[in-house]
Amino acid sequence: MAYQRIHTSLAGGIETITLDYAPTLNALDLVMAGELEEALKEAEGNPEVLVLVLTGAGRAFSAGGDIRYMKDHCDEPDFSKKSMAPLAGKLSEIVLYMKKMSKIIICAVSGAAAGGAANLAFACDFIFAADNAKFLQAFVGIGLCPDTGGVYFLPRMVGSHRAFDMFVTGRPVSAKEALEIGLVKEVTTKEDLMPTVMAFAEKLTEGPLLAYGNMKKLMFASLYKGFEDYMKDEAVYLAQCSGSEDFKEGITAFLEKRKAEFKGK
């Protein structure tokens with residue numbers, strides 16, 4: 001299948017899915033989300049695919065949401081319902097599907113993984129980071145609550161206090177800190193990132209794939225059984241935020257490169 005925002009390759013039982021849309025630093029729009037969902041489902045159903053690798057092309061893993069698109073359309077009637085809700089809903093479906101997949105997913109992050117893109121990475125089973133990687137829960141800067149399952153994933157990965165700090169401050173977490181707090185499995189140089197990931201993926205292809213799949217099912221039952229109910233709440237709160245004055249001020253300030261003046265409404 002020909003894609004516009006991603007590309008895929010399969011070799012030695014390892015399928016690599018690459019987010020690849022340079023004009024927006026691989027921002028997660030509806031087109032990319034739809035293509036990613038299709039690629040994941042095709043991989044899950046393909047017996048030749050044993051392990052998946054998810055990465056991003058260019059300067060960033062992904063900038064998260066397309067803020068210019070948000071700014072251009074935020075004054076339209078029912079923007080949160082017609083524009084934000086479909087994308088947030090699709091990303092929710094994707095991360096839930098990733099957690100339920102039988103195949104292991106390894107994420108390779110170079111550069112920024114911001115907002116929903118950070119949470120997309122957290123939905124993978126392993127994360128490898130280049131030393132230039134940074135993870136940002138950037139929602140607070142534009143007056144949003146996190147989407148893409150972030151408030152469900154992150155406390156389970158690093159604990160509630162660290163997670164809440166990341167949400168409230170929106171500060172960048174470096175690759176070094178991410179390794180120290182258990183967000184990532186390994187940090188490499190940018191040049192060594194993909195060779196290291198592919199070597200690890202190759203080892204997994206030689207392992208007991210049925211056992212791996214059942215481990216994922218048990219992990220889901222143990223940690224994520226309430227994930228689907230959580231996503232319903234996330235949609236409600238995200239809709240409230242994306243229809244707020246603070247959100248419009250946040251995205252305007254971001255694009256104007258100034259500090260936002262939030263009013264709490």
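Predicted model: local features only at pLDDT ≥ 70, side-chain atom pairs only at ≥ 80, totals over all residues.

Colleague: What makes strand 7 and strand 8 a pair?

Modeller: Two bridges join strand 7, residues 134–136, to strand 8. At least two are needed, so the two strands count as paired. They run antiparallel, and one of the bridges has K134 partnered with S174 in strand 8.

Colleague: Which strands make up the sheet, and in what order?

Modeller: It's an open sheet of three strands, ordered 5-7-8, with mixed pairing. Strand 5 (112–114) and strand 8 (173–174) are called edge strands because each pairs on one side only.

Colleague: Now the charged residues. Why is the contact between D125 and K216 called a salt bridge?

Modeller: In general, side chains of opposite charge can pair when their charged atoms come close. For D125 and K216, the N to O distance is 3.0 Å. The cut-off is within 4 Å, so this pair qualifies. The pair links distant parts of the chain: D125 is in the loop between helix 4 (116–122) and strand 6 (126–130), while K216 is in helix 9 (residues 209–223), 91 residues apart.

Colleague: Is K216 buried or exposed, and how do you know?

Modeller: K216 has 8% relative accessibility. Buried means under 20%, so K216 counts as buried. D125 has 26%, which lies between 20% and 50%, so D125 is partly exposed.

Colleague: What about E180 and K176: why are they called exposed?

Modeller: Exposed means over 50%. E180 is at 55% and K176 is at 57%, so both pass. Their side chains also meet in a salt bridge, at 2.7 Å from N to O. Both lie in helix 7 (residues 175–180), four residues apart, about one turn of the helix.

Colleague: How many salt bridges does the structure hold?

Modeller: There are 12. K90 and E93 sit three residues apart in helix 3 (residues 79–100), about one turn of the helix.

Colleague: And how do you label E93?

Modeller: Its relative accessibility is 43%, between the 20% and 50% limits, so E93 is partly exposed.

Methods
Residues numbered from 1 in each chain as written. Heavy atoms only, no water. Buried < 20%, exposed > 50% of the residue type's maximum accessible area, 1.4 Å probe, protein only.
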